[in-house]
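Thanks for making the time this morning.

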Amino acid sequence: MNYRRRSNLTDMEKWYRERFRERAIACGVGGDCVIDKDTFAEISGVTGCFKLESDCWVVYDTDERAQVFGAVKHANALTAYTDLAARLGFCFNLEEQKKEYPQNSAILVVNELSTRS
């Protein structure tokens, strides 16, 4: 399976990733998640997500043997990070992100929602 490189993330996807990272660290679970790989993590006991070449996102967990389980595909970055946060025990939702997203780019949030399936 081919994977898209992180450099191909949109500005909004990068923005969500950084907000998620800040939030995960603040909640004390930054070390429990992997968000900077282009594929599944090969370490045990983590939760992660990445963007597939097909423009969907995958959220997953790894067990004590680093085997992937619970993989779920999402239509966009926001729903993927929302799922990832829920698995890690904190909230990362649209309303919260809309409040923080730069006003001059608010239209991007609307566009992100239109990609939901």
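In which sense do S3 and S4 pair, and over how many bridges? S3 and S4 pair in the antiparallel sense, over 5 bridges, where two strands count as paired if DSSP finds at least two bridges between them. Helices (H or I, at least four residues) and strands (E, at least two) are DSSP runs, numbered from the N terminus.

Before going further, please keep in mind that this is a predicted model, in which local features need pLDDT of at least 70, side-chain atom pairs count only at pLDDT 80 or more, and totals for chains, interfaces and linings use all residues. Residues are numbered from 1 along each chain as its sequence is written, and side-chain values use heavy atoms, with hydrogens and water left out.

Let me turn to the sheet as a whole. It is an open sheet of 4 strands in the order S1-S2-S3-S4, with mixed pairing. Strand S1 (33–34) and strand S4 (68–74) stand at the edges with a single partner strand each, so one side of each has no neighbour in the sheet. S1 and S2 run parallel and are joined by 2 bridges, and here Cys33 stands opposite Thr47 in S2. S2 and S3, by contrast, run antiparallel and are joined by 5 bridges, with Val58 in S3 as the bridge partner of Phe50.

As a general point, most residues other than glycine have a negative phi. In the hairpin of S2 and S3, which has 5 residues between the strands, Asp55 takes a positive phi near 70 degrees. The hairpin of S3 and S4 also has 5 residues between its strands, and in its turn Ala66 has a positive phi of about 70 degrees. Ala66 is partly exposed, with a relative accessible area of 22%, where buried means under 20%, exposed over 50%, and partly exposed in between, using a 1.4 Å probe and protein chains only.

How many of the 6 residues of S3 are buried? The count is 6 of the 6, so S3 is largely enclosed by the rest of the structure. Trp57, Val59 and Asp61 point one way from this strand, while Val58, Tyr60 and Thr62 point the other way.

In strand S2 (residues 47–51) we find Lys51, which counts as buried because its relative accessibility is 5%. Its side chain makes a polar contact with the side chain of Glu13 at 2.9 Å; such a contact is a pair of N or O atoms within 3.5 Å, and within protein one must be able to donate a hydrogen and the other to accept it, with residues adjacent in sequence counting only if both atoms are side-chain atoms.

Finally, the cores. A nonpolar core is a set of buried Ala, Val, Leu, Ile, Met, Phe, Trp, Tyr and Cys residues joined through side-chain atoms within 4.5 Å. The largest one has 21 residues, of which Phe20, Tyr81, Leu84 and Phe90 touch the most other members. Helix H1 (11–26), strand S3 (57–62) and helix H2 (77–88) are the elements that give two or more residues to this core, and H2 supplies the largest share, 7 residues. A second, separate core has 8 residues, including Ala41, Val46, Val58 and Tyr60.
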